[in-house]
Amino acid sequence: MCTPDVTAHMKQRVKDFNTAIVCGIEAHACVLQTSVDLLSQGYRVYVVVDGVSSRSLTDRMYAFDHMRQAGAFLTTFESIVLQLTQDAGHPKFKQIQQYIKTSAADTGLLALNNIRHLS
């Protein structure tokens, strides 16, 4: 994603922009490369793990490990939304709360992560 045109556009549109929230398809390819590129350019990168997919859970998990080791912060949709709103005093909090009231579908990440840490 970090082609010269996109990078120039990002720097031109928001001068003090230093944080990126990343989600997408193919964690081990596009999402990983985008995250590493943004990190190398000095951005703080937050990867929304339940907003990232791959064809296999194995590819996804090792891509997350790689991104974490490179310096990205791994987070969830609910966590990033709550961080952005900061507290219930945010004018859109009630509206946003509707998106997080229902539990998200199981992503499979916790089960695999627990198995890897046991061995």
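Among contacts in the chain between residues at least 6 apart in sequence, what percentage join residues at least 24 apart? In this predicted model, the share of such contacts that join residues at least 24 apart is 71%.

**View 1**
The model shown here is predicted, and its chain holds 6 helices and 3 strands. Read from the N terminus on, these elements follow the order α-β-α-β-α-β-α-α-α. The chain has 119 residues, of which 31% count as buried.

**View 2**
The 3 strands make up an open sheet, in which they lie in the order E1-E2-E3 and pair in parallel. Strand E1, residues 19-25, and strand E3, residues 73-75, are at the edges with a single partner strand each, so one side of each is left without a neighbour in the sheet. From one strand to the next, the twist averages 30°. In general, the strands of a sheet pair through backbone hydrogen bonds, in either a parallel or an antiparallel manner. Strand E2, which covers residues 44-53, is joined to E3 by 3 bridges, and the two run parallel.

Helix H2, made of residues 27-40, lies across E1 and E2 and runs at about 170° to E1.

**View 1. The packing of H2 and H3 on each other.**
Two packed helices are described by the angle between their axes and the distance between the axes. For H2 and H3 the angle is about 5°, and their axes are 9 Å apart. Since angles under 35 degrees count as roughly parallel, H2 and H3 are therefore roughly parallel to each other. On the H2 side, the residues that meet H3 include Ala27, His28, Val31 and Leu32, and among their counterparts in H3 are Asp59, Arg60, Ala63 and Phe64.

**View 2. The largest nonpolar core and a second one.**
The largest nonpolar core is built from 19 residues, and those with the most contacts inside it are Leu38, Val45, Val47, Phe64 and Met67. Two or more residues of this core come from each of E1, H2, E2 and H3, and H2 gives the most, with 5 residues. Setting aside residues up to four places away in sequence, Val45 touches Ala20, Val22, Ser35, Leu38, Leu39, Ala72 and Phe73.

**View 3. Ser35, a buried residue of helix H2.**
Ser35 belongs to helix H2 and counts as buried, because its relative accessibility is 0% and the cut-off for buried is under 20%. With its neighbours within four places in sequence left aside, Ser35 is in contact with Val22, Val45, Val47 and Met67.

Terms used
Residues numbered from 1 in each chain as written. Predicted model: local features only at pLDDT ≥ 70, side-chain atom pairs only at ≥ 80, totals over all residues. Heavy atoms only, no water. Pairing = 2+ DSSP bridges. Helix = DSSP H or I, 4+ residues; strand = E, 2+ residues; numbered from the N terminus. Axes fitted to C-alpha atoms, helices over the stretch in contact; angles between N-to-C directions. Contact = heavy atoms within 4.5 Å. Core = buried A, V, L, I, M, F, W, Y, C linked by side-chain atoms within 4.5 Å. Buried < 20%, exposed > 50% of the residue type's maximum accessible area, 1.4 Å probe, protein only. Parallel < 35°, antiparallel > 145°, perpendicular 65-115°, else oblique.
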